Amino acid sequence: MPLRRGKDTRRRWRLSAKLLIASSVATVIGFSAICASVMFDMRRGEEELARQTLENLASGIDADISRNIELYDLSLRAVTSNLVMPELNSVKKELLHLILFDHAATAQHFGAIQVFDAGGNLTIDAASLDPRPENRSDEDYFTVHRDNPNVGLFISRPMLHRGAYAIVLSRRITGEDGRFLGVVVGSIRFSYFHDLFGRLNLAPGDTITVLRHDRTIIMRTPFDLDVIGKNLAEQNTWRSENLKEGGSFAGKGPVDATPRLYVRRGGASPLFVVVGKPLENIFNLWRTEAIRIGAIMAALIMFVLSTALFLAREIGRRAAAEERLEEMATTDALTGLRNRRKFDAEIDVEWRRAARQGQPVALLMIDADHFKAYNDTYGHQAGDQVLVGIAICISDAVRRAGECAARFGGEEFAVLLPATSAVDAFNIAEAIRLKVEQWCEGDITTTVSVGIASMRPGLGQSWADLVLAADRALYAAKANGRNQSVLASGPKFSLVA
């Protein structure tokens, strides 16, 4: 019969070890989740801070460009409105220049305003009273206004204009009858953008791109002539939906393969600004902090898990030690059966269970015949071998859960049989007796006598009554000649299950 208390002890210790490991793993997972959440929040914070910085930068650049374009466009508007005045047809060149260009915006990076007639010929130049003949009828800024009266302010692609790279700003001259009379042209040199971007403290890899609304690149820093004038709408690998007005985008851009955070700004101006910063630079500090915290967390995880495993192993060792102590405390050292102390505890438990469930409890009291004489004749060592053999025979016949075989004392053994009738108990007793008899065949023969009792616990009864009845039946078997099984009789003993 298994040791119930030992099983319970082992189960408790194993449960404690499992709970320790499970709680340690749960703690590690919890702290890891918290740490990961904090790190992701820090990452989002770094990205949000970079986005706000880029938005401010893009807004400042866009405001400066828009202000200068608007200022220059006011001069173009003033020239176009004055040119259609009939009174100017008879005005001298000097006075005409004064009227047209006296209030025109002038700056280091602004080109002189020019007027071309309906045929594309240069007629008026703010830089000279007698301009050299030019014809620009094949230029985009001329054909656009000639073919479409509703264009308004037109900004050309980057081009070489009057000896310098610039963007050309133009407006249509329309007569009172709606006829096309020519265009007014001005320019903003690239030096303006170089000067504007040069005042900014940009990190390596940062980009600033100025584009028309048709996604033609007007200017970009770092400066690259191969990129200037390129129309991104012609690229199939980049969609305009990736970066809408006022939005941002993180990833590879349309110009190079470097992943960046891009921010776009631009309002009613014909140009808009996109500022980009490499993601590597944005998350560099965060990555360093993440590696440091990750290393600390990994060390803590290893410490917690190793400590939990060590403690679980120690718990297992303690459980095994307690199991061994329990085994030693409840097992007869010679036969390996339960000892008297354990037997008393088991019969008390089974007697109470039988009383609750109304079931019988059977008990076999087994004694070796003529053991004292045998021991005196052959010695204690031979006597011990006989006891061991009897214990083996008993163990072979007692296999059900709840059954308990014990060395009751000296050469006497007891077998507790829960929920067993007297008839079944008698059959088990006979099986044990015959096994012992067959085992001892030869020159030296040892037999056993068995007393059997089976009772249903009643009021006023205790398991001591069952032991007494089985013991009396054992004495009766010995008195009748030994090597036999005797069943206790009487009205209080059960004959059926």
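The model is predicted, so a pLDDT of at least 70 is required for local features and of 80 or more for side-chain atom pairs, while totals for chains, interfaces and linings use all residues. Numbering starts from 1 along each chain as its sequence is written, and side-chain values use heavy atoms, with hydrogens and water left out.

## Overall dimensions

Let's start with the big picture. The chain has 11 helices and 16 strands; helices (H or I, at least four residues) and strands (E, at least two) are DSSP runs, numbered from the N terminus. The C-alpha trace spans about 160 × 45 × 40 Å along its principal axes. Its radius of gyration is 54 Å, whereas a compact globule of 497 residues would have one near 23 Å. That radius is taken over C-alpha atoms, and the globule rule is 2.2 Å times the number of residues to the power 0.38.

Of the 497 residues, 44% count as buried. Here buried means under 20% relative accessible area, exposed over 50%, and partly exposed in between (1.4 Å probe, protein chains only). Among contacts in the chain with a separation of 6 or more, 62% are between residues 24 or more positions apart, a contact being heavy atoms within 4.5 Å.

## Helix H1

Helix H1 covers residues 4-83 and holds Ser16. Ser16 sits 296 residues from Ala312 in sequence, but their C-alpha atoms are 8.0 Å apart. Ser16 is partly exposed, at 33% relative accessible area. Ser24 is also found in H1, and with 9% relative accessibility it counts as buried. Setting aside neighbours within four places in sequence, Ser24 is in contact with Val304 and Ala308.

## The antiparallel sheet

Five strands make an open sheet in the order S8-S7-S11-S10-S9, with antiparallel pairing; two strands pair if DSSP finds at least two bridges between them. S8 (217-221) and S9 (248-252) are the edge strands, each pairing on one side only. From one strand to the next, the twist averages 20 degrees. Helix H4 (residues 190-198) packs on this sheet, touching S7 and S8, and its direction makes about 35 degrees with that of S8. Axes are lines fitted to C-alpha atoms, for helices over the stretch in contact, and angles run from 0 to 180 degrees between N-to-C directions.

Strand S7 (residues 207-212) is joined to S8 by four bridges, and Val210 stands opposite Met219 in S8. The two strands form a hairpin with four residues between them. S8 is mostly covered, as five of its five residues are buried.

Another open sheet has five strands in the order S13-S14-S12-S15-S16, and its pairing is mixed. S13 and S16 (485-487) are at the edges with a single partner strand each, so one side of each is left without a neighbour in the sheet. Eight bridges join S12 to S15, which run antiparallel, and Ala362 stands opposite Ser454 in S15. Helix H11 (residues 463-479) lies across S12, S13, S14, S15 and S16, running at about 145 degrees to S15.

Helix H9 (residues 380-397) has 18 residues and reaches 26 Å from its first C-alpha to its last, close to the 26 Å expected at 1.5 Å a residue; the expected span is 1.5 Å times one less than the number of residues. Its buried residues include Val386, Leu387, Ile390 and Ile394. Cover for the buried residues of H9 includes strands S12 (361-368) and S13 (404-409), and helices H8 (371-378) and H10 (422-439).

Most residues other than glycine have a negative phi, and most peptide bonds are trans.

| Residue | Phi | Relative accessible area |
|---|---|---|
| Arg162 | near 55 degrees | 43% |
| Arg215 | near 70 degrees | 17% |

Arg162 lies in the loop between S4 (159-161) and S5 (164-174), while Arg215 is in the loop between S7 and S8. Thr221 and Pro222 are joined by a cis peptide bond with omega about 5 degrees, and Pro222 belongs to the loop between S8 and S9.
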